[in-house]
Amino acid sequence: MQRPLIAATLLGLAALGTAQAATVSVYNSLAAWQGAVSGSVQTQDFSGYAVGTDLTGVPVLPGVTLTSNLGPMEVFGGDHTAMAFGPRNLGNAYYQAQYALPFLATALDIVAFESIPGNGSTGVDQGLLSFMFSDGTSQDLAISGGDGSPIFIGVVSDVAITSLRWTEPHEASGGNEETSLDNLRVAMRAPTELPLPGSLPLAMLALGAVPLARRRR
């Protein structure tokens with residue numbers, strides 16, 4: 001599921017124009033993200049919870065809690081992912097993770113995002129993944145779906161991440177495509193090296209890193 005993310009991110013870069021400095025880097029592979037982070041990575045894959053466990057407000061990682069505007073976040077299915085059930089017909093479903101510790105890197109898998117051409121019961125548009133930072137800035141990423149395989153997204157920042165929000169894509173009916181979250185990852189320490197300011201050579205895309213300038217809310 002890496003190709004759709006790269007395409008969406010390139011569109012975002014074009015809209016932003018030439019940035020003075022790259023303060024956030026986005027990765028679409030776990031190996032590339034881990035290579036950009038120094039220090040240990042903590043992971044929550046929810047396998048230690050029973051199916052149906054209410055995760056709302058529970059520290060699933062140190063300083064990390066989950067909520068949703070749909071209802072309780074619960075452990076779902078044989079794959080043990082985090083999912084909320086509620087009125088998706090309203091078309092405004094989102095999941096949110098709050099970070100109470102100064103993590104500079106975070107990652108997750110978006111699971112079960114199907115977007116099959118001609119099938120209106122799957123996603124017909126992109127979802128939106130938004131990151132908020134302690135300096136009052138934020139970064140929005142438009143995420144494209146596919147066959148439902150996990151979509152990895154990781155970010156590394158030079159300031160602490162305070163929260164992320166995953167807003168689900170829509171189906172043809174206007175309701176939301178059902179998705180879930182898995183493999184939440186955080187790292188406390190700074191990356192070994194942030195990308196240089198200015199435009200990024202296309203060759204670096206093969207490494208899975210895309211620098212983005214954050215926007216102020």
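1. Asp 140 counts as partly exposed, at 27% relative accessibility; on this scale buried means under 20% relative accessible area, exposed over 50%, and partly exposed in between, with a 1.4 Å probe and protein chains only. The residue lies in strand E9, where strands (E, at least two residues) and helices (H or I, at least four) are DSSP runs numbered from the N terminus. The side chains of Asp 140 and Ser 130 are joined by a polar contact of 2.7 Å, a term for a pair of N or O atoms within 3.5 Å; within protein, one must be able to donate a hydrogen and the other to accept it, and residues adjacent in sequence count only if both atoms are side-chain atoms.

2. On provenance, the model is predicted: local features need pLDDT of at least 70, side-chain atom pairs count only at pLDDT 80 or more, and totals for chains, interfaces and linings use all residues. Residues are numbered from 1 along each chain as its sequence is written, and side-chain values use heavy atoms, with hydrogens and water left out.

3. The protein has 2 helices and 14 strands. Of its 217 residues, 47% are buried. Contacts (heavy atoms within 4.5 Å) with a separation of 6 or more are formed in 75% of cases by residues 24 or more positions apart.

4. A nonpolar core is a set of buried Ala, Val, Leu, Ile, Met, Phe, Trp, Tyr and Cys residues joined through side-chain atoms within 4.5 Å. The largest such core has 36 residues, and Ile 110, Leu 129 and Ile 153 have the most contacts inside it. Apart from that core lies another, of 10 residues, among them Tyr 27, Ala 32, Phe 152 and Val 156. Beyond four places in sequence, Leu 129 touches residues including Asp 140, Ile 153, Leu 164 and Trp 166.

5. Thr 81 is found in strand E5 (residues 81–84) and is buried, with a relative accessible area of 4%. Its side chain makes a polar contact of 3.0 Å with that of Ser 180. Leaving aside neighbours within four places in sequence, the contacts of Thr 81 include Phe 46, Phe 76, Val 111 and Leu 181.

6. Gly 148 lies in the loop between strand E9 (137–143) and strand E10 (151–157). With a relative accessible area of 17%, Gly 148 is buried. Outside four places in sequence, Gly 148 is in contact with Val 111, Ala 112, Phe 113 and Glu 114. The C-alpha atoms of Gly 148 and Phe 113 are separated by 4.6 Å, although the two are 35 residues apart along the chain.

7. Rings of Phe, Tyr and Trp (its six-membered ring) pair if their centres lie within 6.5 Å; planes under 30 degrees apart count as stacked, over 60 as edge-to-face and the rest as tilted. The count by this rule is 5 aromatic pairs. One of these, Phe 46 with Tyr 49, is tilted, at 6.4 Å centre to centre and 45° between the planes. Phe 46 is buried at 0% relative accessibility, whereas Tyr 49 is partly exposed at 22%. Phe 76 and Phe 85 form an edge-to-face pair, with 5.3 Å between centres and 65° between planes. Phe 76 is partly exposed at 38%, and Phe 85 is partly exposed at 39%.
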